[in-house]
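Trainee: I would like to go through some of the labels used for this protein and ask what stands behind them. Shall we start?

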Amino acid sequence: MSLSHLLQKLHSSKLEYLLPLPLLLIAFGLGGESLTNLLLSRSYPTLDKLQADTQTVKVQVAANVVVTEVEIEKEQEFTEVELKTANSVLKKLTFKVPVTELSKAKAIIAKELGVSGEVETLQADTQMQVRSTVQVLGILAEIEKKQEITKIEVNTANSILKKLEFELPVTEFSSVKAMITQELGLSREDARMLVSYRVKN
């Protein structure tokens, strides 16, 4: 069988297009590794730290609260403190303080809240006026129709005040939006950008 006859048979069966395939696979196998090593060894100018494209909004939080409970969790070199409150739509404040001594943690939190520097101010049944400036990262509003309340969770970019939790006595969407903007002093545009809503039946 001659070469021309073989090529004619390949052409009629359309297999001639597959002839270069083994050559391409061999070339890719030999050159792929060196090309990958070359690309991975190049240095690219990057920032030292990863940065998320997040936008925060500063808000003032002011409320008259009664501390009902102080929970303390010591984790490694941090102390996590939760202040639960009564007589306010602000129900809970969560702090993460980079100290493990309780007296130091309470003093730092008292300073953050703008209350007296006395350690005793964070005891249960203490009434106080909370005033703090908060950098808001995001807000989740969970509307619970059966219980007729809306739970608001505010995540912050503050150094020690990590989370605020509110409980609003409304479930109608427009009322929830209005109360969030009123309680946190947000503009409509900021509220639209920061607040996510979830409805539970």
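Mentor: Gladly. Contact here means heavy atoms within 4.5 Å. Keep in mind that this is a predicted model.

Trainee: Which residues does Lys200 touch, not counting residues up to four places away in sequence?

Mentor: Under that cut-off, Lys200 touches Glu142, Ile143, Glu144 and Lys145. The C-alpha atoms of Lys200 and Lys145 are separated by 6.2 Å, and these residues are 55 residues apart along the chain. Lys200 itself lies in strand 7 (residues 195-200).

Trainee: Why does Lys200 count as partly exposed?

Mentor: Buried means under 20% relative accessible area and exposed means over 50%. Lys200 has 40% relative accessibility, so it counts as partly exposed.

Trainee: And why is Leu21 called partly exposed?

Mentor: Leu21, found in helix 2 (residues 20-41), has 43% relative accessibility, so it falls between those two limits. Together with Leu24 and Leu25, Leu21 makes a nonpolar surface patch of about 320 Å².

Trainee: How do you know that strand 4 and strand 5 pair?

Mentor: Pairing needs at least two bridges. Strand 4 (residues 127-144) and strand 5 (residues 149-156) have eight, in the antiparallel sense, so they count as paired. Ile139 stands opposite Val154 in strand 5. The two strands form a hairpin with four residues between them, and Glu148 in the turn has a positive phi of about 60 degrees.

How values were computed
Residues are numbered from 1 along each chain as its sequence is written. This is a predicted model: local features need pLDDT of at least 70, side-chain atom pairs count only at pLDDT 80 or more; totals for chains, interfaces and linings use all residues. Side-chain values use heavy atoms; hydrogens and water are left out. Patches are made of residues with over 30% relative accessible area and no salt bridge: like charges are joined within 9 Å, nonpolar side chains (Val, Leu, Ile, Met, Phe, Trp, Tyr) within 5 Å. Accessible areas come from the Shrake-Rupley method with a 1.4 Å probe; for residues, only the protein chains shown count as cover. A salt bridge is a side-chain nitrogen of Lys or Arg within 4 Å of a carboxyl oxygen of Asp or Glu. Buried means under 20% relative accessible area, exposed over 50%, partly exposed in between (1.4 Å probe, protein chains only).
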